[in-house]
Amino acid sequence: MGYDRGKLEALRQKYGESHGGELFNPQFRRVADKIFTKSGTRLAPYSGIPTFLTAPYLPVDHDDPDFGDLQVAMVGVPMDLGVTNRPGSRFGPRALRAIERIGPYNHVLDCAPVQDLRVADIGDVRFQSRYRLELSHDDIERRINQIVEAGVIPLSVGGDHSISHPILKAVGRERPVGMIHIDAHCDTGGAYDLTKFHHGGPFRNAVLDGVLDPTRTIQIGIRGSAEYLWEFTYESGMTVIHAEEISGMGIPAVIEKAKKIIGDGPTYLSFDVDSLDPAFAPGTGTPEVGGLTTREVLEIIRGFKGVNLVGGDVVEVAPQYDSTTNTAHASAQVLFEILSLMVFSPAITGKGA
């Protein structure tokens with residue numbers, strides 16, 4: 001086909017003086033109408049007070065909480081008293097809030113989650129003490145309980161992975177939930193150094209507390225040298241897909257297997273950034289080589305569109321070990337993907353989203 005001057009003139013007539021938000025494709029027009037003002041501007045990604053995914057900030061009192069009409073509450077959990085190796089994930093929430101240009105549109109899932117949901121960043125969990133791990137877990141459970149009791153879905157940003165235990169105690173209080181767990185480690189270890197409350201054991205604790213259904217739990221991306229510590233995973237009935245299996249299985253088979261395990265019941269999604277290879281996410285406390293790529297993780301998570309998500313978390317971002325900010329950037333993107341899944345979750349759509 002040769003160069004078409006007639007088509008060029010038509011393009012000039014249609015687009016020559018239009019602004020970036022003036023779109024003609026109905027699908028794209030629908031998105032742009034949510035983002036652009038009538039004058040053709042939108043919020044600059046580097047401006048304003050930083051919040052998770054540039055969502056509105058809604059301060060919610062810790063003693064007399066009022067969540068208004070929220071459907072999803074994003075909450076920071078800056079606590080890393082449970083790490084076994086490198087500290088620093090207490091800075092994770094702040095690092096994710098500082099990442100700009102995530103969203104607004106998810107073209108794979110066809111949604112703009114911050115605009116499609118009634119969602120807000122409600123700030124951080126308030127801790128009674130910066131020194132006492134178990135007291136901090138009580139504070140996390142209390143805050144997430146407030147969110148759940150208000151009929152709102154919690155989406156948390158840690159913090160180390162020990163935070164998932166008190167979160168699950170709130171989310172699974174009425175009935176044990178299933179879980180999609182993307183991580184390098186199973187996190188089902190026992191007590192170390194006189195305590196069972198650490199980032200290597202939240203899911204053993206959650207199962208034993210009766211808030212996590214191991215038969216509806218799948219762990220994806222597992223690897224490293226600590227497999228011998230995770231017999232509880234297999235004894236309890238969890239399903240594991242090791243990182244080295246994923247290339248052979250293919251991503252569609254991973255998704256199919258996971259959906260078969262979790263079924264239609266209420267499901268939690270926990271994402272540990274060390275599931276990614278350190279080449280993509282070096283800023284974490286227990287890096288493991290041979291991990292997933294960012295593209296693999298996004299494809300896996302997007303495969304769960306329609307799953308009945310009732311909560312989620314992104315954990316273990318320790319920004320001081322990553323001068324590029326790639327770790328926080330990848331984690332913010334995963335947060336966006338999980339929020340995108342919530343647009344289609346029956347836990348939301350069943351309430352008339």
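User: For the largest pocket, how does the lining divide by class?
Analyst: The lining of the largest pocket has 10 nonpolar, 5 polar and 3 charged residues, where Asp, Glu, Lys and Arg count as charged, Ala, Val, Leu, Ile, Met, Phe, Trp, Tyr, Cys and Pro as nonpolar, and the others, Gly among them, as polar. This is a predicted model, in which local features need pLDDT of at least 70 and side-chain atom pairs pLDDT 80 or more, while totals for chains, interfaces and linings use all residues. Residues are numbered from 1 along each chain as its sequence is written, and side-chain values use heavy atoms, without hydrogens or water.

User: What volume does that pocket have, and which residues are closest to its centre?
Analyst: Its volume, the space filled by probe spheres set on the grid points, is about 540 Å³. Of the 18 lining residues, those closest to the centre are Arg-42, Leu-43, Ile-102, Gly-103 and Pro-104. A pocket here is an open set of points on a 1 Å grid that a 1.4 Å probe fits, with protein on both sides within 12 Å along at least five of seven lines, and a lining residue has an atom within 4 Å of a point.

User: Which helix gives the most to that lining?
Analyst: That is α12, with 3 residues, and α2 (26-35), α4 (113-116) and α12 (326-344) each supply at least two; helices are DSSP runs of H or I of at least four residues, strands runs of E of at least two.

User: And what is in the second largest pocket?
Analyst: The second largest pocket holds about 280 Å³ of space, and of its 17 lining residues the closest to the centre are Thr-84, His-185, His-199, Ala-226 and Thr-286. By class, its lining divides into 5 nonpolar, 7 polar and 5 charged residues.

User: Switching to the sheet, what is the strand order?
Analyst: The sheet is open and has 8 strands with parallel pairing, in the order β2-β1-β3-β8-β7-β4-β5-β6, where two strands pair if DSSP finds at least two bridges between them. β2 (119-124) and β6 (239-242) stand at the edges with a single partner strand each, so one side of each has no neighbour in the sheet.

User: What is the average twist?
Analyst: From one strand to the next the twist averages 15 degrees, with angles running from 0 to 180 degrees between N-to-C directions of lines fitted to C-alpha atoms.

User: How many bridges join β4 and β5?
Analyst: β4 (residues 177-182) and β5 (residues 212-222) pair in the parallel sense over 5 bridges, and Met-179 stands opposite Thr-217 in β5.
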